[in-house]
Amino acid sequence: MDIKSLTAELSVAPQIVGTDMRAVAEAGFRSVICNRPDGEGPDQPLFSEIERSALAQGLQIRYLPAESGKVTDQQGAAFGALMAELPKPVLAFCRTGMRSTTMWALSQAGQRPLPQIIELAAKAGFDLKGVVRRIVNGGKTPVEMADATHEVVIIGGGAAGIAVASSLLARSPDLDIAIIDPADIHYYQPGWTMVGAGVFNAATTARTMGSVLPHGVHWIKSAVAAFEPERDAVILDGCRVVKYRQLVVCPGLKLDWHGIEGLPETLGRNGVTSNYRYDLAPYTWQLVQQLRRGNALFTQPPMPIKCAGAPQKAMYLSADHWRRAGVLKEVDIQFCNAGAVLFGVADYVPALMEYVKAYDIGLNFGQTLVAVDGPAKKATFMKANADGTKEKIVRDFDMLHVVPPQKAPDFIRVSPLADAAGWIDIDPGTLRHKHFANIFALGDAGNTSNAKTAAAARKQAPVVAHNLLALRGAAQGEARYDGYGSCPLTVERGKIVLAEFTYGGKVAPSFPKWFIDGTRPSALAWYLKERVLPPLYWQAMLKGREWLAQPEMTT
């Protein structure tokens, strides 16, 4: 834990986890305030998990969440009220400590001289000049006063953001680029399915952000709060302003754990897990190894979601382990899918159905997980009937693998960049915003109909890079994205159905059929997933090497 003292009564810290609570209590703290909303990051524990650990250590704990960069005067007042109420000293935390510090600063306005507030925050490592400007400006962000200006600003340091930055630099090495992302760690999320099956170690899927950012790119370690596209400006945490000539938006999506009643209270315990979170994928493998008899439920929420094949990948690999362990007949496996089909591209369904039958998996379409009772080991689904009616179905479980509903990040959904559904409104071919000519988007937050996978981002990055440079007059012609996506469906340990397709579900194999027939389970495809794709990700995609990713050009 990196605890910073603001006053004798208050300290702040970046994200803490439940296992930290013993150390927090031993350090003398009596209360904790959480200022970070659940679901902001893939490695973030839920507040309910932290709360249980805090209470077990005799600590008082409160939840006062604020969106990054959007701490209000009312939240500042509420923070002050909590400070008056709670036993001292208090430890407040958020993603980085900035929101907690901002709330404290607002609560101190009129009680301490502004220079003293700024000095105390600065000693703790937090720059509050932007908050001061907001206060003296009547609560309005002075967009015309930029803290930084860059030719190209990229929102998001995930697979899409780093890939497009590298592709830009490969074409224009001297281009002034800034990436905005508050995370310290970059994750290879396609590896989490393998972690949940005991094939990969979780640590191999994580690297420090600083180690993967392209050389020469400016890293602005902050979160985005809002957009001012008419002024070519982005508002950051702490109300700082960054201006740009071109903007690329690729922040990923938000996992809505709270979209399922009771899930936050039981996630990571009582047999409830998810490969969609870094720290829970190892728990999936633990549960799979422990289960020798009982009910195993695997769920899939309504689309769109990140990697539509991932929910059933976890199921197949788990079933394969139970088969190898000789207990498959003792495990009742049920796949509860909110959708109407097993997989959206029909060419791959026959091969998948062979495994469904071999593992004796029950398929339950039109069933959406709506509630979980962890201690009682019961999951409630809402079933959509053919006549338009709905009914609740309650299932018992010994293991429950949950895929949460997913949506665009909050700061995207409420922005001028979003369509009516909350996704970034871009042209599906050029990936250029439909209303703001100098804005592009790629990755999971766009409203294109392709699969939301790293493979799609790998194909999109060169398209955005070329078209952005063409807009600047530094390239000729127009690059087009064809909707390519890839989903290596891990049907058993050692074999994969390699689904590759473009817009409209058109099959688009990268290899000749004699080498890898993607419609059939393949050992070569497994080798590709296990041995080739991780180094391809780290050493090619994130480095601007566009192997099998050259964009289609039109004049």
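These legends describe close-up views of a predicted model. Local features need pLDDT of at least 70, side-chain atom pairs count only at pLDDT 80 or more, and totals for chains, interfaces and linings use all residues. Residues are numbered from 1 along each chain as its sequence is written, and side-chain values use heavy atoms, without hydrogens and water.

**View A. The second largest pocket.** About 480 Å³ of space lies in this pocket. Its lining has 30 residues, and Met303, Ala308, Gly344, Ala451 and Phe501 are the closest to its centre. By class, the lining of the second largest pocket holds 14 nonpolar, 15 polar and 1 charged residues. On a 1 Å grid over the protein atoms alone, a pocket is an open set of points with protein on both sides within 12 Å along at least five of seven lines; a cavity is a set where a 1.4 Å probe fits but cannot get out; lining residues have an atom within 4 Å of a point. Points are joined across faces, edges and corners, and a volume is the space filled by probe spheres set on them. Ala, Val, Leu, Ile, Met, Phe, Trp, Tyr, Cys and Pro count as nonpolar, Asp, Glu, Lys and Arg as charged, the others, Gly among them, as polar.

**View B. The largest cavity.** The model has 3 cavities of 30 Å³ or more. The largest cavity has about 60 Å³ of space. Its lining includes Ala163, Ser167, Arg458, Met541 and Glu546. α15 gives the most, with 3 residues. The lining of the largest cavity has 6 nonpolar, 2 polar and 3 charged residues. Helices (H or I, at least four residues) and strands (E, at least two) are DSSP runs, numbered from the N terminus.

**View C. Two cis peptide bonds.** The bond from Lys88 to Pro89 is cis, with omega near -5 degrees. Pro89 sits in the loop between α3 (73-85) and β5 (90-93). Met303 and Pro304 are also joined by a cis peptide bond, with omega about 0 degrees. Pro304 is in the loop between β16 (294-300) and α12 (310-324). Most peptide bonds are trans.

**View D. Positive phi at Leu431.** Leu431 is not a glycine, yet its phi is positive, about 65 degrees. The residue lies in the loop between α14 (410-413) and β24 (439-441). Leu431 is buried because its relative accessible area is 0% (buried is under 20%, exposed over 50%, partly exposed in between; 1.4 Å probe, protein chains only).

**View E. Salt bridges across the sequence.** The count comes to 29 salt bridges (a side-chain nitrogen of Lys or Arg within 4 Å of a carboxyl oxygen of Asp or Glu). Lys254 pairs with Asp410, with the closest N and O atoms 2.9 Å apart. The partners are 156 residues apart, Lys254 in strand β14 (residues 254-255) and Asp410 in helix α14. Both Lys254 and Asp410 are buried. Lys407 forms a salt bridge with Asp256, at 3.8 Å between the closest N and O atoms. Lys407 is in strand β23 (residues 406-407) and Asp256 in the loop between β14 and α10 (263-266), so this pair ties together parts 151 residues apart in sequence. Lys407 is partly exposed at 27%, whereas Asp256 is buried at 19%.
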